[in-house]
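I opened my notebook for a new structure today. Here is what I looked up, entry by entry.

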Amino acid sequence: MTIDSSLKRGLAVLRLFAQHPPQDPRGHTAAEVAALLGRDRSQVSRILRSLETARFLRRDPASLRYSVAWELYARAQQITEARLRRDGRTALEGVAAETGECAYLGVLRGASSVTILESMPPALSSFVSWVGRAYPAYCSDAGQALLFDADDTEVAAVLAHTAFVRHGPNTPAGLDDFLARLRAARKRGYSVVDQEAEPGLYSLAAPVRDFRGEIVAAVQVVGPRRRLEPATEACADTVVRWSAWLTAALRSTDGETDRETDRATGQD
């Protein structure tokens, strides 16, 4: 077996653990993995032992069942963060080019959203950078999108110590107001923040998910209301499409990412 084929088979086993969580909390048996993959049990057993040695999997000594090792999650998280920044740049450049407005990538930090990447069209390059700056999630451009998957109780916990200060004419008045807007955003598939952060500012955002399906960031387009509001439908299509592209990029190989880029840019 070549190194390349061994690697592919090992990755196939790891992908199986992600796609088919074991019913037994102790993990999958070698026989179960072989059956799910449709491969010879002895071959699968060798792969499982190799992955255990490499500390990607751990084996329960009593049941001999295999489960994903925490170290793998740590490595995957590091890879996700690196790819989020690398491929996030591509996504933002796509959004900025299509809309002619500033594009940002935000993440949730406590009760605030923080910008980690930005892309500005040449005509707007003189704008002050937002990278590294935090803004209250209840009225920020990315806040709703970053909390798409949180239920009401989780949102209340995130905003438990938040004072709903008025930053613009449409700032949410309190938790119930924010939750109502969040439910509307989920139904729509993207958030619209209309003069909530400051007067005259308009933005749209959509969530980005990692290999676990968890929201890790939000792609945003931000600009003056007079320009963006009339173009809401077109801007929403761009933001949703590039957030989906970035989600696919975080889950796929580089070759698959190239194909997703073609789809996002309409070149497929």
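**Two helices crossing**

H2 covers residues 30-37 and H3 covers residues 41-53, and their axes come within 9 Å and cross at roughly 115°. That makes H2 roughly perpendicular to H3, a label for angles of 65 to 115 degrees, where under 35 is roughly parallel, over 145 roughly antiparallel and the rest oblique. I noted that the axes are lines fitted to C-alpha atoms, for helices over the stretch in contact, with angles from 0 to 180 degrees between N-to-C directions. On the H2 side the contact (heavy atoms within 4.5 Å) is made by Ala-30, Ala-31, Val-33 and Ala-34, and on the H3 side by Arg-41, Val-44, Ser-45 and Leu-48.

**What I am looking at**

I reminded myself that this is a predicted model, in which local features need pLDDT of at least 70 and side-chain atom pairs count only at pLDDT 80 or more, while totals for chains, interfaces and linings use all residues. Residues are numbered from 1 along each chain as its sequence is written, and side-chain values use heavy atoms, with hydrogens and water left out.

I found 10 helices and eight strands in the chain. Both are DSSP runs numbered from the N terminus: helices are H or I with at least four residues, strands are E with at least two. Of the 268 residues, 46% count as buried, meaning under 20% relative accessible area, with exposed over 50% and partly exposed in between (1.4 Å probe, protein chains only). I also looked at contacts between residues at least 6 apart in sequence, and 58% of them join residues at least 24 apart.

**The sheet**

In what order do the strands of the open sheet stand? I read S5-S4-S3-S8-S7-S6, six strands with antiparallel pairing; two strands pair if DSSP finds at least two bridges between them. S5 (134-136) and S6 stand at the edges with a single partner strand each, so one side of each has no neighbour in the sheet. From one strand to the next the twist averages 35°.

I then walked along the sheet from S5. S4 and S5 pair in the antiparallel sense over three bridges, and the bridge partner of Ser-112 is Pro-136 in S5. S3 and S4 are antiparallel too, joined by seven bridges, with Leu-105 opposite Leu-117 in S4. Two residues lie between the strands in the hairpin of S3 and S4, where Gly-110 takes a positive phi near 65°.

Further on, nine bridges join S7 to S8 (residues 215-224) in antiparallel fashion, and Ser-203 stands opposite Val-222 in S8. Helix H9 (residues 232-251) lies across S3, S7 and S8, and runs at about 25° to S7.

At S6 (residues 191-194), I checked the side chains. Ser-191 and Val-193 point one way, Val-192 and Asp-194 the other, and all are buried. In a regular strand the side chains alternate between the two faces of the sheet. S6 is joined to S7 (residues 201-209) by four antiparallel bridges, and Asp-194 stands opposite Tyr-202. Their hairpin has six residues between the strands, and Gln-195 in the turn has a positive phi of about 55°.

**Inside S4**

Is strand S4 (residues 112-119) largely enclosed or open? Seven of its eight residues are buried, so S4 is largely enclosed by the rest of the structure. I picked Ser-113, which sits in S4 and counts as buried because its relative accessibility is 7%. Leaving aside neighbours within four places in sequence, Ser-113 has contacts including Val-107, Tyr-135 and Leu-146.

Most residues other than glycine have a negative phi. Arg-55, in the loop between H3 and S1 (57-59), has a positive phi of about 70°. Leu-64 also has a positive value, near 60°, and is partly exposed, with a relative accessible area of 44%.

How many disulfides did I count? I counted zero, using the rule of two cysteine sulfur atoms within 2.5 Å. Cys-102 is buried at 2% relative accessibility, and Cys-235 is buried at 5%.
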